[in-house]
Amino acid sequence: MSQLGDLYQELILDHSKRPRNFGPMPEANRAAEGFNRLCGDRLMLYLKMEGEVVREARFQGSGCAISTASASLLTEAVKGKTRAEAEALFQRFHQLVTGKGEAPADAPPLGKLAVFSGVSEYPARVKCASLAWHTLHSALEAKTVAEPVSTE
Amino acid sequence: MAVATENAVAYDVERIRADFPLLHASGTTSGGAKLAYLDNAATTQKPQAVLDALSGFYNQDCANIHRSVHLLGERATAHYEAARETARGFLNAASEREIIFVRGTTEAVNLVAQSFSRRTGGRPGLLGEGDEVLITGLEHHSNIVPWQLACEAAGARLQVAPINDRGEVELEGFARRLGPRTKVAAVAHISNALGTVNPVKEMIALAHAQGVPVLVDGAQAAPHLPLDVRALDCDFYALSGHKMYGPTGIGVLYGKSAWLERLPPWQGGGDMISSVTFERTTYNELPYKFEAGTPNIAATIGLGAAMRYLEGVGRGRIAAYEAELLEYGTRKLEAIPGLRLVGTAAHKAGVLSFVVEGVHPHDVGTVLDSLGIAVRAGHHCAQPVMDRFGIAATTRASIGMYNTRAELDRLAAGLARVKEMFG
């Protein structure tokens, strides 16, 4: 049971039950749709960019506790970050949930995102945790609403 | 009555469990709890008799079949062909010529679909432009996509008989879609996502009344029900070894010899020919016409062992025991507030598919896994079924011949834990 507690930490359960920044964003100037082929989960991620800086981030969709909490915490984490900082955070997060590779010395701090450390013990759930981040990557690259991205 | 006699002997599940080494192995669960394996619709565990058949072939009999003059070659051929005779008896087919070994149900459906749509001698296949193929709304992707490919190749159209809210095929809708353009129908015997047992005998009779041949996808039925292809009068029947306690990578396509004679070969290669020149090749007789190349000999012999194992226990007894388990599990799950069973057909076998209000199936699956309970969460390779019920996924507990009431009690207790965590 300790492993299960590592996965479903209180902060994750809290964000899955009460996701932050949840809902549409009419003023968004970037958006992307994420799709997990394994379970059929979809989410829409909206960004309001000012130049290179993410001013606002919101999401919509339904998914498992891990993917919902990940999207919710993502929207909090990327606010105020530049595109490059957000991408660097994605790389750091990806290392965390896959448990692969060491973070470089200059890696951005994970902050609250560190609660996803338990995911690396559950290979089947890595895609749940990373779906929102793949979608973010797609939204940052997009000029407009993009085709659905998958976690493949 | 053979069935009555075999049912009269008590079903000793503990004795059956003793035949399956994995059920007693260590390290099979995430949390170290005892394994409750409830993912039998995905694949089943294997009894010692099957494991012995596999290792026996490689340890004592390994040689290629149908070509070697030495002792081992003759022995391998004899064991391989004995498995065909076992499969013939298992399905009650009229002749061994009607038993084709394939990789599994998926390959069996592809074989039939592509042989129907294949052009030969510059002429269209049995399935041509403007023709139709009829399937149902509860099919597995492997009984949808091969037909889509065949229809695309032939310029034909796929028709789908709808299902109702209980997950049963609407027979009237099925009958209405059978017409002069329908060249073949393909239906699941049992739905892998919902557990619905289709009235295949009636559906076959309806199709035959219109002159339409029927393929039955028996992947989920083979481990649960006594089978008799002649009583069903189906034209093709497909099954997978690994879902019926046999090895992976082996399955059976039964086909009425009249149809198998009519269809062109599917794959070309060794063993399926009778003579080859660069100008003209003549094909081997049935069933070898459809078995190109060296087959999965060990797995075929292992599948024969699995079929004999099921017959030894008695398929009527297994069906009766599992029906009682399913009934027990259904009552247990129905008593859980906020849990909704998906698939509530009057006639079901093997499957308890459900959603828990407010909890994603993947989270249900992970929590159950931590308790040693193996289930499947997802769309079960049946996305149109999920769409029909307006959901993305379900959690599915699927039972086999070695499951117990105690394991279903653990499932129910695990679901209480799920609700506690996410409620």
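How many nonpolar, polar and charged residues does the lining of the largest pocket have? We'll get to that after a quick look at the ground rules.

## Ground rules

This is a predicted model, where local features need pLDDT of at least 70, side-chain atom pairs count only at pLDDT 80 or more, and totals for chains, interfaces and linings use all residues. Residues are numbered from 1 along each chain as its sequence is written, chains are lettered from A and ligands numbered from 1 in the order in which they are written, and side-chain values use heavy atoms, with hydrogens and water left out.

## The largest pocket

Back to the opening question: the lining has twelve nonpolar, nine polar and four charged residues. Here Ala, Val, Leu, Ile, Met, Phe, Trp, Tyr, Cys and Pro count as nonpolar, Asp, Glu, Lys and Arg as charged, and the others, Gly among them, as polar. A pocket is an open set of points on a 1 Å grid over the protein atoms alone, with protein on both sides within 12 Å along at least five of seven lines, and lining residues have an atom within 4 Å of a point.

The largest pocket holds about 470 Å³ of space, a volume being the space filled by probe spheres set on the points, which are joined across faces, edges and corners. Of its 25 lining residues, S62(A), G63(A), G358(B), V359(B) and H360(B) are the closest to the centre. At least two lining residues each come from helix 2 (10-17), strand 2 (41-50), strand 3 (53-62) and helix 3 (65-78) of chain A, and from strand 12 and helix 13 of chain B. Helices (H or I, at least four residues) and strands (E, at least two) are DSSP runs, numbered from the N terminus.

## The second largest pocket

This one has a volume of about 350 Å³. It has 13 lining residues, and nearest its centre lie A124(A), R125(A), H362(B), G365(B) and T366(B). Helix 13, strand 13 (373-374) and strand 14 of chain B each give two or more residues to the lining, with helix 13 of chain B supplying the largest share, four residues. By class, you'll find seven nonpolar, three polar and three charged residues.

## A hairpin and a cavity in chain A

Strand 2 and strand 3 of chain A are antiparallel partners joined over nine bridges; two strands pair if DSSP finds at least two bridges between them. M44(A), for instance, has Q60(A) in strand 3 as its bridge partner. Two residues sit between the strands of this hairpin, and G51(A) takes a positive phi near 60° there.

The structure holds one cavity of 30 Å³ or more, a cavity being a set of points where a 1.4 Å probe fits but cannot get out. About 40 Å³ of space lies inside the largest cavity, and its lining includes D41(A), R42(A), S62(A), G63(A) and L131(A). Strand 2, strand 3 and helix 3 of chain A each give two or more residues to that lining, which has three nonpolar, five polar and two charged residues.

## The four-stranded sheet of chain B

Four strands of chain B make an open antiparallel sheet, in the order 11-12-15-14. Strand 11 (339-341) and strand 14 (376-378) are at the edges with a single partner strand each, so one side of each is left without a neighbour in the sheet. On average, neighbouring strands are turned by 30° against each other, direction ignored. Angles run from 0 to 180 degrees between N-to-C directions, and axes are lines fitted to C-alpha atoms, for helices over the stretch in contact.

Strand 12 (residues 351-356) and strand 15 (residues 394-398) run antiparallel and are joined by four bridges, with V351(B) opposite S398(B). Helix 13 (residues 361-370) packs on the sheet, touching strand 12, strand 14 and strand 15, where contact means heavy atoms within 4.5 Å. Helix 12 (residues 315-334) lies across strand 11 and strand 12, at about 10° to strand 12.

## The seven-stranded sheet of chain B

Chain B also has an open sheet of seven strands with mixed pairing, in the order 2-8-7-6-5-3-4. Its edge strands, strand 2 (99-102) and strand 4 (157-161), each pair on one side only. Strand 6 (residues 214-217) and strand 7 (residues 236-240) run parallel, joined by three bridges, and D217(B) stands opposite A238(B).
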